[in-house]
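User: Hi! I'd like to go through the contacts between two chains with you. Could we take the structure step by step?

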Amino acid sequence: MNHHSVQRGIVRMLFDPAFAAAVHEAPASTGLAPETLAALRTIDPRALRADPLRRRRTFGALAGELKASTTLGLAESRSLAALEAGFFGSPEFHASIEERTPMALAFGRFLLALHARGALGPPAVADVIRFELMQARARREARPIEKRPAARVVRLAPGCVFGRFAADVLACVQRAEQYLFELSLLPQMALADDAPRPVLPDRPEDLGTVALIAVPVGAGLTVVTLDDELAAVIEPLAGGRPADRRVLVAEAGAAIGRARAAEIVAELVEDEILEGLA
Amino acid sequence: MEPLEKRLARLPRLGVGIPTEPDGARTGGIDAIAFRDEHPGLVHFLEYGSDLFRGVDEHARRWTAAGLPTTYHFLDVNLEEREDVDDEWLAGTAALAREIGAAWLCGDAGLWHFGPRDRGQQILLPPVLTRESAIEVAEGVRRVEEVTGFVCLPENPPSHFYVGDMHILDYFAEVSARASCGLLLDCAHLAIFQRLRGLPPLAALDGFPLDRVVELHVAGGTPIDVEGLALVEDDHSPEPLADTFEILDHVLARAPNLKAIIFECEKNSPASVVPVFTALNERFPSEAAK
């Protein structure tokens with residue numbers, strides 16, 4: 001018996017009642033090895049239900065980090081079950097348990113998938129989810145680096161995460177935050193049919209995009225809006241791809257001039273926004 | 001590493017203590033210093049439970065500044081997962097333990113979080129009671145001791161269910177044998193296990209290395225019914241089950257290296273926990289009281 005497989009199975013059963021039922025009623029659907037299934041079946045199903053607030057507490061932690069996404073998601077879907085039970089029953093959740101990856105990132109991916117299926121309203125909501133996912137990634141990837149000013153290969157430093165969004169993404173996040181602030185003044189009003197709801201700003205036809213980067217600062221995070229020059233250098237490195245410095249300078253230089261591109265690369269390496277690899 | 005007997009002999013006898021966690025005293029829990037002042041002779045050490053994220057709080061600092069003994073109880077490492085006992089956790093935990101002058105490290109052995117150590121992913125699960133799991137926990141304990149320099153006492157966790165064929169005492173006996181480590185026996189958690197398995201409170205204690213028990217925990221528990229299933233909630237209420245005291249008294253008479261007993265009661269009113277603290281001190285006087 002692989003005890004790690006058993007523990008992962010237990011966690012999945014604790015959070016997903018349908019999975020817990022499948023262990024007994026449809027074991028082949030679980031994809032688990034026979035020895036793991038045999039071990040999980042020794043658990044009295046009632047014992048898994050002894051803490052009825054477990055999922056709510058954990059969902060609360062996820063909602064606390066992807067705050068605007070959850071707020072707008074609930075506003076658009078009008079269904080707690082769609083998000084809470086939906087997430088814990090989702091392939092994204094189960095994969096995060098089996099692959100031992102951060103649940104918050106899985107939650108963001110779940111919300112994007114839900115949006116792609118048309119369940120979470122306008123495109124602005126997807127931008128908000130991607131924005132908060134960018135920050136969630138940055139928090140988890142940040143780590144100290146060794147400064148190599150003369151490095152010939154560079155990439156975005158760990159914890160520095162780039163994203164390009166519709167230009168109203170920050171305004172949409174602010175609308176969600178404003179709603180939550182009002183709700184905090186009188187939480188009970190959420191029960192009223194005439195209670196205020198989050199309202200996204202009107203989106204003009206020629207909205208355009210904004211380039212942002214999340215950067216670790218001390219124990220926290222800051223989000224910086226990039227002007228065209230900085231975006232020209234940083235955007236090619238999105239996704240963590242390393243790049244030959246000369247190639248990066250040439251590529252960015254096509255838009256902003258090679259000398260300026262080289263200067264910016266040097267500054268970003270000095271500021272540890274870029275990591276020199278070799 | 002030095003023989004276990006020597007390492008355990010060097011540990012101080014702390015007597016009876018009280019646990020706390022970050023912000024526990026500030027948010028309505030018992031303030032250990034105030035309790036000690038109001039009820040002299042009942043609380044002799046503080047067991048500070050924390051994790052890398054929350055660190056040391058003001059309450060623990062006040063206790064430490066008064067020159068009083070402490071131990072450090074980790075809340076954030078999966079001893080059952082060798083990859084989780086990583087360098088960052090070891091260095092950070094050792095630093096926290098040194099900051100409060102901890103006499104040793106201790107904590108439930110199993111899972112304190114599912115997946116990576118990350119917000120929202122806290123859980124407390126007992127280990128899977130198999131020999132392979134015990135081997136991995138033993139590896140984790142050895143690594144903690146070798147890297148941090150602290151004695152590390154694995155503890156038997158509470159649960160509403162246990163998976164695996166081994167008795168939990170046999171499991172931790174295996175851990176101790178393989179890691180050559182001391183043990184923290186939680187009498188309340190053991191009482192819960194015995195009830196779940198339909199066993200008497202003292203079952204399997206005859207095969208357990210009581211000479212390696214350094215610390216005992218005592219705590220209140222409340223019987224609950226979940227859809228007809230009889231369980232015990234490890235809620236740290238003021239009154240331990242009779243089973244818990246039966247286990248405690250059995251072990252007290254047979255654990256020559258016992259150094260400390262914790263009464264996990266920190267969320268109750270001070271007055272409600274005085275009787276059990278009194279009873280524990282009568283059973284296990286501090287070094288000063290001896």
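This is a predicted model: local features need pLDDT of at least 70, side-chain atom pairs count only at pLDDT 80 or more; totals for chains, interfaces and linings use all residues.

User: How many salt bridges does the rule find across the interface of chain A and chain B?

Analyst: Residues are numbered from 1 along each chain as its sequence is written, and side-chain values use heavy atoms, leaving out hydrogens and water. A salt bridge puts a side-chain nitrogen of Lys or Arg within 4 Å of a carboxyl oxygen of Asp or Glu. Across this interface, the rule finds 6.

User: Which residue of chain A forms a salt bridge with R119(B)?

Analyst: The closest N and O atoms of this pair are 3.7 Å apart. The partner of R119(B) is E65(A).

User: What area do chain A and chain B bury between them?

Analyst: Buried area is the accessible area (1.4 Å probe) that two parts lose on being put together, summed over both. Carbon and sulfur atoms carry 64% of it here. The total is about 2500 Å².

User: Is E81(B) buried or exposed?

Analyst: Leaving aside neighbours within four places in sequence, E81(B) has contacts (heavy atoms within 4.5 Å) with H4(A), R100(A), L111(B) and E136(B). Buried means under 20% relative accessible area, exposed over 50%, and partly exposed in between (1.4 Å probe, protein chains only). Because its relative accessibility is 11%, E81(B) counts as buried.

Conventions:
Chains are lettered from A and ligands numbered from 1 in the order in which they are written.
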